[in-house]
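Please prepare a short briefing on the structure shown below.

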Amino acid sequence: MKLCRFKNKSGQVGIGLVVEDSALVDLTPAGVTQLQSLLEGESPVAELIRITKQKLPRIDLGEVQLCAPVERQEIWAAGVTYLRSKTARMEESDFSATAYDRVYAAERPELFFKSLAEKVVATGEPVGIRRDANWNVPEPELALVFNARGNIIGYTIGNDMSSRDIEGENLLYLPQAKIYRHSCALGPWIRLGATEAEARGWKIKIEIRRDGKDVFAGETSVGQIKRRFEELAGFLFRSQSFPHGAVLLTGTGIVPPETFTLQERDEIGIEITGIGRLRNPVMLV
Ligand code: DO4
Ligand code: MG
C-alpha cells in the first residue's frame with residue numbers, strides 16, 4: 001500500500017491511497033486529513049483496508065501535485081552504511097579517512113540530523129546545490145518512516161544532497177555540506193506493509209540528465225546496507241524521543257566518479273523498486 005500527501009486543484013492538501021501508481025483514492029471524505037493519525041495507529045494497513053471499503057473519490061495523479069510525505073517528523077540520516085560510501089569518502093579526504101574507516105566498522109553508526117519536515121522538497125520540486133561549493137552530488141537513499149514509538153511503519157525514497165568539497169575539507173563542516181536550503185528530498189509517497197527482508201531485495205537506481213542526455217547512472221541494492229534497520233532504529237531512538245515520528249535516510253551506496261558534479265537544471269531521477277520514483281530538477285541556492 002502506498003500513501004501520499006497531495007494538493008488538489010483548489011490548493012487543499014489531502015491524504016491519498018495510491019492505486020496502480022497512476023491515481024489516488026482521496027481519504028478526506030473518510031475523515032483522514034493527516035498522515036500522522038494513520039501512521040500512529042496500531043495497524044495503518046488494516047485501518048486503510050477498513051476505510052477504503054467505503055466509496056471514496058478517485059483522482060488521477062496528473063490532476064494533483066504530490067507533496068513531501070512528511071508533516072512534523074524530524075528527518076535524520078545514517079552515513080557510511082555501504083562499503084562504497086566508506087571507500088569514496090576515504091578517497092575524498094586524507095584528513096577524515098580514519099574517521100570514515102572507523103565508523104563503518106564501529107558498533108555505533110553515524111547518524112546526523114538532516115532536515116525539518118517543513119523544509120523537505122517533494123517530487124517535482126527543485127533540490128539545491130550550494131553556490132559556495134564546487135563538488136555537489138545527490139545521495140539516493142532508502143528512507144525508513146517511524147512512528148513515535150520507534151516502529152518502522154513504511155519506506156520512502158530520500159535524496160541526501162551533499163557538497164563533497166565542503167565535507168572533504170574538514171569533517172566538522174559536515175552540517176554545512178549536508179544541511180542547507182533544498183538539501184533534502186523525500187517522496188513520492190510512503191510504501192506501507194513491507195518487511196525488512198522484502199525491502200532488502202529492492203534495487204536503488206539513479207539517473208542524471210543534462211540538456212536531455214544521460215550524464216550519470218548508477219545502481220545498488222538495499223541488501224548491500226551493512227546494518228540491520230532495527231540496529232539503526234535502536235541508535236536513533238536511544239536517549240531520544242520523536243513525538244511526531246521520524247524519518248531516517250539509510251545512507252548511500254551510489255557515488256558518482258570524482259570528475260562528476262551536479263549543475264543547475266540537471267534532472268535527477270531516483271527509483272527504488274517496491275516504492276516508485278522521485279524526480280527533482282537542480283537549482284543553485
Ligand atoms: O559522513 C558523511 C556522510 C555519509 C553519508 O551521508 C552517506 O553515507 O550516505
Ligand atoms: Mg547520505
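The magnesium ion (ligand 2) is coordinated by Glu139 (OE), Glu141 (OE) and Asp160 (OD), at 2.0 to 2.1 Å. Donors are N, O and S atoms within 2.8 Å of the metal (3.2 Å for Na, K and Ca), and water is not among the atoms, so sites may look incomplete. This is a predicted model, in which local features need pLDDT of at least 70 and side-chain atom pairs count only at pLDDT 80 or more, while totals for chains, interfaces and linings use all residues. Residues are numbered from 1 along each chain as its sequence is written, chains are lettered from A and ligands numbered from 1 in the order in which they are written, and side-chain values use heavy atoms, with hydrogens and water left out.

**Magnesium site**

- Along the chain, the donors of the magnesium ion (ligand 2) follow the spacing E-x1-E-x18-D.
- Glutamate 141 lies in strand β10 (residues 140-146) and aspartate 160 in strand β11 (residues 152-160), so the pair ties together parts that are 19 residues apart in sequence. Helices (H or I, at least four residues) and strands (E, at least two) are DSSP runs, numbered from the N terminus.
- Glutamate 141 is buried, at a relative accessible area of 0%, and aspartate 160 is buried at 1%. Buried means under 20% relative accessible area, exposed over 50%, and partly exposed in between (1.4 Å probe, protein chains only).

**Helices α3 and α4**

- Helix α3 (residues 83-92) packs with helix α4 (residues 94-105) at an angle of about 160°, their axes lying 7 Å apart. Axes are lines fitted to C-alpha atoms, for helices over the stretch in contact, and angles run from 0 to 180 degrees between N-to-C directions.
- The contact (heavy atoms within 4.5 Å) is made by Leu83, Lys86, Arg89, Met90 and Glu92 of α3 and by Asp94, Ala97, Tyr100, Asp101 and Tyr104 of α4.
- Buried residues in α3 are Ser85, Lys86, Ala88, Arg89 and Glu92, and their cover includes α4, α5 (164-169) and α6 (174-178).

**Two loop residues**

- Serine 183 is placed in the loop between α6 and β13 (184-192) and is buried, with a relative accessible area of 2%.
- Not counting residues up to four places away in sequence, serine 183 touches Lys114, Asn159, Asp160, Met161 and Lys178.
- Leucine 56 lies in the loop between α2 (44-51) and β4 (58-60) and counts as buried at 13% relative accessibility.
- Leucine 56 and leucine 27 are 29 residues apart in sequence and 6.9 Å apart in space, C-alpha to C-alpha.
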